[in-house]
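Colleague: I would like to go through some of the labels put on this structure. Please say what stands behind each one.

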Amino acid sequence: MALTLYVDTARWRAHHKHVQEQFPGLVPVCKGNGYGFGHERLAEEATRLGADVLAVGTTYEAARIKDWFGGDLLVLTPYRRGEEPVPLPDRVIRSVSSIDGVYGLVGARVVIEVMSSMKRHGVSEQDLPQLHSAIENVRLEGFAIHLPLDRTDGSDAVEEVIGWMDRLRAARLPLHTMFVSHLKADELARLQQQFPQTRFRARIGTRLWLGDHEATEYSGAVLDVTRVAKGDRFGYRQQKAASDGFLVVVAGGTSHGVGLEAPKALHGVMPRAKGVARAGLATVNRNLSPFVWGGKQRWFAEPPHMQVSILFVPADAPEPKVGDELVAHLRHTTTQFDRIVDR
């Protein structure tokens, strides 16, 4: 009895090939929890795609994944002096976002991140004159720019990249490779056409692994079902049942990521109104679970436990049976499955 991630493997892999065709030179990204699939599985899929580089989030992830992927590993978190040393093979490429970082990686393979409108990290235009001497003692694999997902000011992503290409070219820095993130296929093609001597390589994670929502599905197995009458007490806090129905124990708790939700940026009146409504219900211990039964998302009977959740299913709904599976609407990047099943 488990929280299971079901994968329509043929459909999932067909989507990977489609993305790869749209983005020549694609660099798959495998970071965090492996987008819900795990590092080992995504390393296998990247190898299947013929990728020569796999991007990971941290040096710790690189150390774990190096035995599963035989190509180069690009660490996305920028190097900082004083960081804990992690033994890594020569095929690991470090990202750097400062002049000091470049000087700290003598002999290493590096990708230099430039400061984009994200304003997260990267070298500035004022840093460029100092890069000439700094890169003499490293093996420069290229530059990189990480772009925002939304452009609410109406600005153009391609123009932002072109601006940096012009700055780097004016500073007489090598432009053989530029790693980019969050560009559309037609935007990448525009850049490649304008700068034919530069190889543009798109680093893609979410769009690659999670772009086809119908290819994957989480399900939690029903472990126990108990009939309750209105007023019956139950659970850790001995709350009273609001009406007749069933307490359904289903696989999937906080250790799986059930009940955890990353903050979302809300745009528009309706999403904000729904957010306020959910917050109001939560103050009276009414929280909607991700589990679906009888065509509806069901309410948590109480906050999820470590490995299971207890749901309340009203008496007018079909009675779940032990062994049934409930589809769960879970976020891949915050979920840890018990097992993965290809079908």
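Modeller: Lys 119 is in the loop between strand E6 (109-114) and helix H5 (128-134); helices (H or I, at least four residues) and strands (E, at least two) are DSSP runs numbered from the N terminus. This is a predicted model: local features need pLDDT of at least 70 and side-chain atom pairs count only at pLDDT 80 or more, while totals for chains, interfaces and linings use all residues. Residues are numbered from 1 along each chain as its sequence is written, and side-chain values use heavy atoms, with hydrogens and water left out.

Colleague: Why is Lys 119 called exposed?

Modeller: Its relative accessible area is 66%. Exposed means over 50%, buried means under 20%, and partly exposed is in between (1.4 Å probe, protein chains only). Lys 119 is therefore exposed. Phi of Lys 119 is near 55°, a positive value in a residue other than glycine.

Colleague: What makes Leu 173 buried?

Modeller: The relative accessible area of Leu 173 is 6%, which is under 20%, so Leu 173 is buried. Leu 173 is found in the loop between helix H6 (157-170) and strand E8. Leaving aside neighbours within four places in sequence, Leu 173 is in contact (heavy atoms within 4.5 Å) with residues including Leu 128, His 132 and Phe 143.

Colleague: What makes a space a cavity and not a pocket?

Modeller: On a 1 Å grid over the protein atoms alone, a cavity is a set of points where a 1.4 Å probe fits but cannot get out; a pocket is an open set with protein on both sides within 12 Å along at least five of seven lines. By this rule there is one cavity of 30 Å³ or more. About 50 Å³ of space lies in the largest cavity.

Colleague: How do you know which residues line the largest cavity?

Modeller: Lining residues have an atom within 4 Å of a point. For the largest cavity they include Glu 113, Met 118 and His 146.

Colleague: Where does the lining of the second largest pocket come from?

Modeller: Strand E8 (177-181), strand E9 (199-204) and helix H8 (206-210) each supply at least two residues, and E9 gives the most, with three.

Notes: Grid points are joined across faces, edges and corners, and a volume is the space filled by probe spheres set on the points.
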